[in-house]
Amino acid sequence: MPQKKYLFTPGPTSVPPQVLAAMAEPVVHHRSPDFKPIYERCLTRLREVCRTEREVLLFTASGTGAFESAVANLVSPGDPHLVVSAGNFGERWAAMTAAYGADVDHLHYAWGETPEADDVRSRLRERTAKAVWVVHSETSTGVVADIQSLAAAAKEAGALVVVDAVSSLGAVPCETDAWGLDVVVAGSQKALMTPPGLGLCAVSEAASAATGSSPRFYFDWERTQKAQAKLDAAFTPSVSLVAGLDVALGLLLEEGLEAAFDRHVRLGRAARAGAKAMGLELFSPDDDRSAVVTAVRPPEGVDGGDVVKGLRDRFGITIAGGQGELQGKIFRLGHIGWFDVFDITTMLAAVECVLGDLGAEIERGVAVTAALDAYEHQPVA
Ligand code: PLP
């Protein structure tokens with residue numbers, strides 16, 4: 001039998017067959033009546049998923065491209081900006097805003113820490129900022145920040161709030177309008193259950209009115225806003241990805257956003273309960289907000305990279321290793337998007353076997369039992 005493959009990373013994630021089928025349809029022309037209804041429905045569904053009344057701008061780019069649109073539109077050389085980082089992606093945004101010439105105040109936490117609204121408040125008291133740049137779900141560490149309170153701290157100081165929701169949108173609550181988030185950026189390949197290649201950006205009126213002088217063309221918000229208003233994309237979009245995203249968003253909305261958030265909370269609980277039952281130490285916080293990816297420290301003497309390699313070589317299972325300074329020190333179990341509890345138990349059972357191969361003493365079956373128990377028996381608050 002050919003080896004079965006399992007994709008259990010926090011992005012890209014597995015894509016449901018209905019989405020793959022939509023993407024296998026013949027290619028249509030992006031300015032034809034074949035495409036416009038798909039485009040219109042996809043943009044409408046994106047607004048629903050982002051919980052916003054505003055237009056959500058859709059780019060043929062990965063999440064980083066959509067984020068760069070925010071930087072290119074909001075940063076003018078010399079502008080003061082506050083970037084909050086506690087891992088790989090926050091640090092990327094500090095580097096990107098600096099590359100555009102921003103005068104960056106970097107509120108830098110160690111990887112794995114959780115950013116606090118009071119820290120943002122006191123930094124903004126010392127120095128004003130045009131915008132505060134924050135990561136909702138820091139995929140490199142498994143920490144999901146309390147974005148509502150971070151945004152409130154920024155708003156009190158009159159700053160715009162830009163949120164990296166690349167791995168959180170569709171998995172954990174992100175109330176764009178209700179929480180006053182000026183810019184929310186996400187990508188297709190995570191909880192939105194679509195292959196990589198589409199980036200999106202919900203932009204508030206205040207953010208649209210605050211665009212700066214950095215050079216930009218493809219990622220110019222105004223150009224894309226005007227084109228989308230006429231359902232006439234500014235540039236050739238990846239029509240097949242848009243068709244896939246449309247179906248994926250339909251599936252998510254059919255489940256219901258609240259039900260999807262609830263499912264992700266329980267998936268996170270199951271992953272953490274399983275890891276702890278094996279006697280492993282969690283790197284990501286042991287709380288319900290950590291519903292995107294569970295970061296686990298391997299047992300003493302075992303390299304996290306060897307766990308990743310063992311899962312791939314022995315079982316065809318892809319999980320994520322540690323990035324940057326966490327390389328070898330953790331492995332990450334993704335659980336966003338098209339994911340159920342048996343994906344968690346498959347992953348945990350395989351981790352048990354591989355840790356055994358690597359010399360750790362793990363009692364067989366304990367993780368699976370604990371995970372099923374945690375998933376089923378505790379109501380979500
Ligand atoms: N931000 C976060 C939190 C992510 O998880 C990712 C994904 O890798 C990115 C940004 C970058 O997105 P992309 O790889 O789609 O450019």
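Reply: In this predicted model, the ligand sits in the largest pocket.

Now look at the shell itself.

Next, go down to single atoms. Find Ser-62 in the structure. A polar atom of the Ser-62 side chain is 2.6 Å from a ligand oxygen. Then move on to Gly-63. Here a polar backbone atom lies 2.8 Å from an oxygen atom of the ligand. Lys-190 uses its side chain: an N or O atom there is 3.1 Å from an oxygen atom of the ligand. These pairs count as polar contacts because the cut-off for two N or O atoms is 3.5 Å.

How much of the ligand does the protein bury? Taken alone, the ligand exposes 380 Å². The protein buries 87% of that area.

The whole structure holds nine aromatic pairs. One of them is formed by Phe-67 and Trp-133. A pair of aromatic rings is described by the distance of the centres and the angle of the planes. For Phe-67 and Trp-133, the centres are 5.7 Å apart and the planes make an angle of 50 degrees. That makes the pair tilted. The pair also links distant parts of the chain. Phe-67 belongs to helix 3, Trp-133 belongs to strand 5 (residues 131-135), and the two are 66 residues apart.

Two loops are worth a stop as well. Pro-12 is in the loop between strand 1 (6-7) and helix 1 (17-23). The peptide bond that joins Gly-11 and Pro-12 is cis, with omega about -5 degrees. Arg-51 is in the loop between helix 2 (36-50) and strand 2 (56-60). Its phi is near 55 degrees, a positive value in a residue other than glycine.

Note on methods. Residues numbered from 1 in each chain as written. Predicted model: local features only at pLDDT ≥ 70, side-chain atom pairs only at ≥ 80, totals over all residues. Heavy atoms only, no water. Polar contact = N/O pair within 3.5 Å; in protein donor to acceptor, adjacent residues only side chain to side chain. Areas by Shrake-Rupley, 256 points an atom, 1.4 Å probe, with all protein chains shown as cover. 1 Å grid on protein atoms, 1.4 Å probe; cavity = no way out; pocket = protein on both sides within 12 Å on 5 of 7 lines; lining within 4 Å. Sits in = over half its atoms within 2 Å of the grid points. Phe/Tyr/Trp six-rings, centres within 6.5 Å; stacked < 30°, edge-to-face > 60°. Helix = DSSP H or I, 4+ residues; strand = E, 2+ residues; numbered from the N terminus.
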